[in-house]
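Thanks for coming. I have one structure to walk through today. Please put the model up.

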Amino acid sequence: EKKNLILAFESSCDETSVAVVEDGHIILSNIVATQVNSHKRFGGVVPEVASRHHIEQITSCVQDAMTEANVSYDDLDAVAVTYGPGLVGALLVGVSAAKAIAFAHELPLIPVNHMAGHIFAARYESEISYPSMALLVSGGHTELVYMPEEGQFEIIGETRDDAAGEAYDKVGRVLGMTYPSGKEIDELAHTGKDTFNFPRAMIKDDNYDFSFSGLKSAFINTVHHADQLGETLDRADLATSFQQSVVDVLAEKTLRACHEYDIKQLILAGGVAANKGLRARLEADMEKMDTVEFIKAPIKLCGDNAAMIGAAGYVEFLKGQRAGLDLNADPSLEF
Ligand code: KG4
Ligand code: ZN
């Protein structure tokens, strides 16, 4: 049977990534050139710096992805690319490169939503079955997405202020960590105790929305107050308390959604889905719900990468979804 090979592009933020994916679930190559070191000293992603890095990296990423996959352009069936949401200048680099290759090799061009890409990263662990629910947690988004069937995305709840990853990064800065600090806080959190009992905003509210800015402020105020008094707080306890608060709210609302919606699967995806505390907590909670299967994006594919775009692009490819060469970046693209 003929296999479909997709060359996929991701450049929405600070990773330049190109992958070759077979039938939407086998990775032949997944090159990720990260720029985080260039953004660290600014404490966050600088859009102009990001665009320039993407331009410098994209050609060699394509070459490396093709070489590692050991395929030629003639073997490809389509080109998939993230066209939003994200930084417009960053997105345009991937979109332009994808168009150039699609045009030169007469391949169909598949437009992919970055957030759908995050969800489809879970396809590398298991087939997705519908209806399903996704907890999508990244640096820019925190959403519960109900998917009644393939291609349908309904946001039933989202953050009203900061995204979960954004809160991790801001709190990490106060602890003197470098951007992005989610992983470092996660590791530290496994060594402390929840002694600060930070707020769990909206946890009992009758909706699926989240809020993390109050938690962030409570954390920052606690640290500054101690600084003024000349006291030093236990960093591990701070990290544990912060993480426990984030995980409690995410897990409680997600569980409620899983009970109230008739679903076959819960999917955990996005950069923050790499969080060991969150994965363990949802695993334990979902074990008690034997009607819903819990699947998560593999840890290595939680952060931005093109393999997830290839997985989502394959589904679009089968549906016949195509973009013209006038495809533009859409920085505020929604589902
Ligand atoms: O999905 P992603 O790579 O980029 C966006 O599309 O936003 O997510 C990046 C975010 C960052 O805020 C980073 O701190 C967070 O994911 N992150 C984590 C962990 N690993 C990455 N947050 C908590 N725990 C982790 N282990
Ligand atoms: Zn992302």
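I will start with one histidine. H118 counts as buried, because 29 other C-beta atoms lie within 10 Å, and the cut-off for buried is 20 or more. Before going further, a caution: this is a predicted model.

H118 is found in helix α4. If we leave aside the neighbours within four places in sequence, H118 is in contact with L136, S138, A269, G270, A297 and M308.

Is H114 buried or exposed? H114 is buried, with 24 other C-beta atoms within 10 Å.

An unreviewed UniProt entry places the feature "binding site" at H114, H118 and D304. These positions are spread over 191 residues of sequence, yet they cluster in space, with a largest C-alpha distance of 8.7 Å.

Next, the domains. The domain assignment of the protein chain gives domain 1, which is 5–119 + 302–319, and domain 2, which is 129–296. Their centres, taken over C-alpha atoms, are separated by 27 Å. Domain 1 puts 13 residues into the contact and domain 2 puts in 17 residues. On the side of domain 1 that touches domain 2, α1, α4 and α10 each supply at least two residues. Which element gives the largest share of that side? That is α4, with four residues. By class, this side of domain 1 has six nonpolar, five polar and two charged residues.

On to the ligand. S138 has come up already, as one of the contacts of H118.

Another contact of H118 was M308, and M308 is one of the buried residues of α10. So, a few words on that helix. Helix α10 covers residues 306–319, which makes 14 residues, and reaches 20 Å from its first C-alpha to its last, close to the 20 Å expected at 1.5 Å a residue. How many residues of α10 are buried? The count is 11 of 14, and the helix is mostly covered. Among the elements covering these buried residues are the strands β1, β2, β3, β4 and β5, together with helix α4. Just after α10, G320 takes a positive phi of about 90 degrees.

That brings me to the backbone. Most residues other than glycine have a negative phi, and most peptide bonds are trans. There are some exceptions to go through here.

The peptide bond from G84 to P85 is cis, with omega near -10 degrees. P131 lies in the loop between α4 and β6.

Not counting residues up to four places away in sequence, I263 touches P131, S132, M133, C258 and V292. I263 has its place in the loop between α8 and β9. I263 counts as buried, because it has 23 C-beta neighbours inside 10 Å.

Then the phi angles. D23 has phi near 50 degrees, a positive value in a residue other than glycine. D23 sits in the loop between β2 and β3 and counts as partly exposed, with 16 C-beta neighbours inside 10 Å. E106 has a positive phi of about 50 degrees too, and is not a glycine. The place of E106 is in the loop between α3 and β5. Is E106 buried or exposed? E106 is exposed, with 7 other C-beta atoms within 10 Å.

That is what I have. I will take questions now.

Definitions and conventions
Residues numbered from 1 in each chain as written. Chains lettered and ligands numbered in written order. Predicted model: local features only at pLDDT ≥ 70, side-chain atom pairs only at ≥ 80, totals over all residues. Buried ≥ 20, exposed ≤ 12 C-beta atoms within 10 Å, placed from the backbone. Contact = placed C-beta atoms within 7 Å. Expected span 1.5 Å × (residues − 1). UniProt positions renumbered as here; feature names shortened; annotations may be inferred. Domains from an automatic or database assignment. Nonpolar A, V, L, I, M, F, W, Y, C, P; charged D, E, K, R; others polar.
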